[in-house]
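Please open the model in your viewer and keep the sequence alongside.

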Amino acid sequence: MKKQILTIIALLIIFSLALAACGNQPTATPAPSEVISSNEVVAEGRLEPIHGTNLSFQARGVVEDVLVSAGDSVKQGDVLVRLSNAGGAEAQLVIAQNAYDTLLRNETGDRANLWEAYMDAQIARGKAEKKWDDLNVDNIEDNIEDRKATVEDRQQDLKDAQEDFDKYKDLDEDNSKRKDAKEDLDRAQEDLNQAVRNLEEETRKRDEVRAAYDAALAAEAEAKHQYEISLDGPNADQLALAKANLDAAKDTLSNYLITAPFDGVVADINVKAGEQVTPETRAASIADFSQWLVETTDLTELEVVKLREGQNVTLVPDALPDLVLNGTVSEISQAYTEQGGDILYTVWITVQDADPRLKWGMTVESTFLEDAQ
């Protein structure tokens, strides 16, 4: 029992000494924290291309063709995806366009275009006429006559060869006289064929140039006719009706096509051929990644009053903490939204730098720098 008491006392002494040692340790100096100026504003934002949108069809249907892939560059108006209904709508558009164009040719305001077409036709006719005039037709026609004579000679040769062969045609095929006559007949036929080809080739030298000249004359006459009838002007009622029909046909076709609203890059295709779609289906996404913007999401009324257009901003994408970008405030919204009791305003920041790692929709920390003034 005495031994146990001594053991307990020894443990208490050791514990007391340990506490005393801890108490004598120097107090650690806390690391200095980053000081943020009371006027400095930090906000979260979202990375957006200067132009970007999701595209949907305006009608129900079945996807007939997907004409692009993600990553493709497109021009404004390019067709990206089409529905099977588009074919009938395109036919109606062609009919409406032709009807409208027929009337529009008579419109006074379009006379300049018709006059220009007439002048272009005159120039084309003049070039074709010069080629015809420069052509040595007499020499070509002499050659044609020579080749015609050759054809006639070859025809006679073929006739003679046929008569010779007819004498032996009933003999056995291995008969030497029959074989020689057959070879002469085949040779005469090939000679005639070649003579005909030579004649046709020489004839084309004249006829192709003449045909081009005749076509140019006809085109000039048609262009002149179209210009002259435009001097009378169109029927106003007919023109208004034709324009209304054309606009309706274009609207109908647009329901069945997805077209690029601006020059850019296909960011995503969300449909495939044979798939049923509705106006609620996102078919494609397109963006212009030539310029990036940051759209803030949490600036309050107390913070936005400290900002101004043209103010410098540093930007750090949350996914790329080692990347620091520069930007300037390009627009401050005059409208507000309410969220959780806070009044929020959207600010748009133009990103001055570019980095291939940037992606549409990335979250970004935006630090608005104080004015140096």
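How many aromatic pairs does a search of the whole structure find? The search returns five aromatic pairs, where rings of Phe, Tyr and Trp (its six-membered ring) pair if their centres lie within 6.5 Å, and planes under 30 degrees apart count as stacked, over 60 as edge-to-face and the rest as tilted.

This is a predicted model, in which local features need pLDDT of at least 70 and side-chain atom pairs count only at pLDDT 80 or more, while totals for chains, interfaces and linings use all residues. Residues are numbered from 1 along each chain as its sequence is written, and side-chain values use heavy atoms, with hydrogens and water left out.

**First selection: Trp115 and Tyr118.** These two rings form an edge-to-face pair, 5.7 Å centre to centre with 80 degrees between the planes. Both residues belong to helix 3 (residues 111–134), where a spacing of three residues separates them by about one helical turn. Helices (H or I, at least four residues) and strands (E, at least two) are DSSP runs, numbered from the N terminus. Trp115 is partly exposed at 39% relative accessibility, whereas Tyr118 is buried at 11%; buried means under 20% relative accessible area, exposed over 50%, and partly exposed in between (1.4 Å probe, protein chains only).

**Next: Phe289 and Trp360.** The ring centres of Phe289 and Trp360 are 6.2 Å apart and their planes stand at 75 degrees, so this pair is edge-to-face. Phe289 lies in strand 8 (residues 282–296) and Trp360 in the loop between strand 14 (347–351) and strand 15 (363–368), so that the pair links distant parts of the chain, 71 residues apart. Phe289 is partly exposed, with 29% relative accessible area, and Trp360 is also partly exposed, with 31%.

**Next: Trp132 and Arg210.** Arg210 lies over the face of Trp132, 5.0 Å from the ring centre; the criterion is NZ of Lys or CZ of Arg within 6 Å of the ring centre and within 35 degrees of the ring normal.

Two strands pair if DSSP finds at least two bridges between them. Strand 12 and strand 13 (residues 342–345) are joined by three bridges, and Thr337 stands opposite Leu344 in strand 13.

Finally, display the whole protein: its secondary structure comprises seven helices and 15 strands, and 29% of its 373 residues count as buried.
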